[in-house]
Amino acid sequence: MDFRTIAELVELAESKEIPISEAMIQKEMKIFDRSREEIIAQMAGHLDVMEKAIERGLNEEDLRSPSGLSGGDAQKIRAYINEGGPLLSGADVLDTVSRSMSVSEVNAAMGTIIATPTAGACGILPGCIFTAAERLKADREAMVRALFVSGAMGYCIANNAFISGATGGCQAEVGSATAMTAAAVVEMAGGTPAQSAQALAIALKNMLGLVCDPVAGLVEAPCVKRNAMGGAIAMVAADMAMAGVESVIPPDEVVGAMFRIGRDMPTSLKETALGGLAATPTGKRIEKDIYGESVE
Amino acid sequence: MKYRSVFDIIGPVMIGPSSSHTAGAARIGSAARSLFGRKPQRVTITLYGSFAKTYKGHGTDIAIAGGLLGFDTSDERIVQSLEIAREEGVEITFIESEEKSDHPNTARLLLEDEEGRAEVVGISIGGGKMEIVELNGFELRLSGSAPALLIMHHDRYGAIAKVATVLAENKINVGYMQVSRKERGSHQALMIIETDQSVGEKVQREIEHLEDITSLTVLS
């Protein structure tokens, strides 16, 4: 019961006729000598933390980060949905967006979240899981299982590439989260392990090259909005895979491409706040306002 | 494999905003506290790279302080850790270093009290994971994700075999092992053993009493 790559994971699941979530649960049991109940209870606890973060971000009045750069946008989206605005991208996509932003805003406000796989990308997975559960009328168990799917996919990405903006740019952070989430939503929707892997590839391909350029080095701008869009991309990628669309480049090769792009990315675009949006006139001014002087 | 558990990916539960700058930093602080073995009176923390540049905005300083006080990454007291440290009489000083470090998120912690001192260097590698890369001048690699024994011993043949025998007799499997010494002939070496099972007190005492073993620290 072992896997290192996405291809191995899919093959393992298919040969044993088990879902990806089950392959991850069994691997965890074996490596750490823990019981199924213990592992599932821990993951269910994580799901509870995610739900609380969503609720907090959508309901707490005047939720702002210490810097004042973020907070309140999730509630704006929720109000827009409730007021029945044009909803050009559809109510479910916007629900995902508002939930993903909500968790990301709570994170910026030093609230409690689950790193998935990092805090900078913590909104995408909960935003999609809770919206998909509503749409699919999925129970708590299916949601917990989805977290194991995304963990399995993230495990393959993390051990073959990277998952933090500092090492591989935002494609490694929000990109990985989006890809892991797309795969998880596919299993919730009844897709096959191979379809989960295709959703991962489709999602990650659309994040390749994304740089990590946070204003003032903070996990706020543009991170909160990238979590929002990551949620939207994950849902669309999951739908594409469920429709039978396949990535021309196989999933592991897409991860390999992400790794090489990240390695080639200059340091100024890897969380140092020296390039990209952080280096714009406005980005610099905000940085100066927060720290009193440039932190370079 | 850098990441072994599904909870390395889906987790930790943490106080925001950054897994590398906040959660990873808290874990460096708590590992340093465990390695020191008691509450320090003074801690001097030197921050390098991205830690030095952005620590105020990410709460890296309060996260390390929280870890030093023994708070978990999800403990909401982290937000007030600097005040709590003052109340508890732990004096913490931060130094921003311009020096280039091998890893962008590096912190060097000097922990002191009347009985002694420990110097610990940690790096935060992403997703809340960290590694201790230096302890009192010894290079090492310690992830903190598995229980670990840190054993100071005389740099003599047979010392490692004796410890391994005790572990084998107690059915404790070694996941990863390394030996570090500052230079040949310095007479002191550090053995680091990550184990799959946690090591109980009885086994710890058995190891401590072995010939050539000078001290034992347990990280669990």
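Two strands pair if DSSP finds at least two bridges between them. In this predicted model, β1(A) and strand β1 (residues 13-15) of chain B meet that condition, pairing in the antiparallel sense over three bridges.

- Ile113(A) stands opposite Met14(B), a residue of β1(B).
- The strand β1 (112-114) of chain A is also among the elements that each supply at least two residues of the side of chain A that touches chain B.

**The contact between chain A and chain B**
- In this contact, 48 residues of chain A meet 36 residues of chain B.
- Besides β1, the elements of chain A that each supply at least two residues to this side are α2 (20-32), α3 (36-59), α5 (91-108), α7 (140-160), α8 (165-168) and α13 (281-291).
- The element α7(A) gives the most to this side, with nine residues.
- By class, the side of chain A that touches chain B holds 29 nonpolar, 17 polar and two charged residues.

**The two domains of chain B**
- Chain B is assigned domain 1 (6-142) and domain 2 (148-219).
- The centres of these two domains, taken over C-alpha atoms, are separated by 25 Å.
- Eleven residues from domain 1 of chain B and eight residues from domain 2 of chain B take part in the contact.
- On the side of domain 1 that touches domain 2, α2 (19-36) and β7 (138-142) of chain B are the elements that give two or more residues.
- Of the elements on that side, β7(B) gives the most, with five residues.
- By class, that side of domain 1 has six nonpolar, three polar and two charged residues.

Notes. Residues numbered from 1 in each chain as written. Chains lettered and ligands numbered in written order. Predicted model: local features only at pLDDT ≥ 70, side-chain atom pairs only at ≥ 80, totals over all residues. Domains from an automatic or database assignment. Contact = placed C-beta atoms within 7 Å. Helix = DSSP H or I, 4+ residues; strand = E, 2+ residues; numbered from the N terminus. Nonpolar A, V, L, I, M, F, W, Y, C, P; charged D, E, K, R; others polar.
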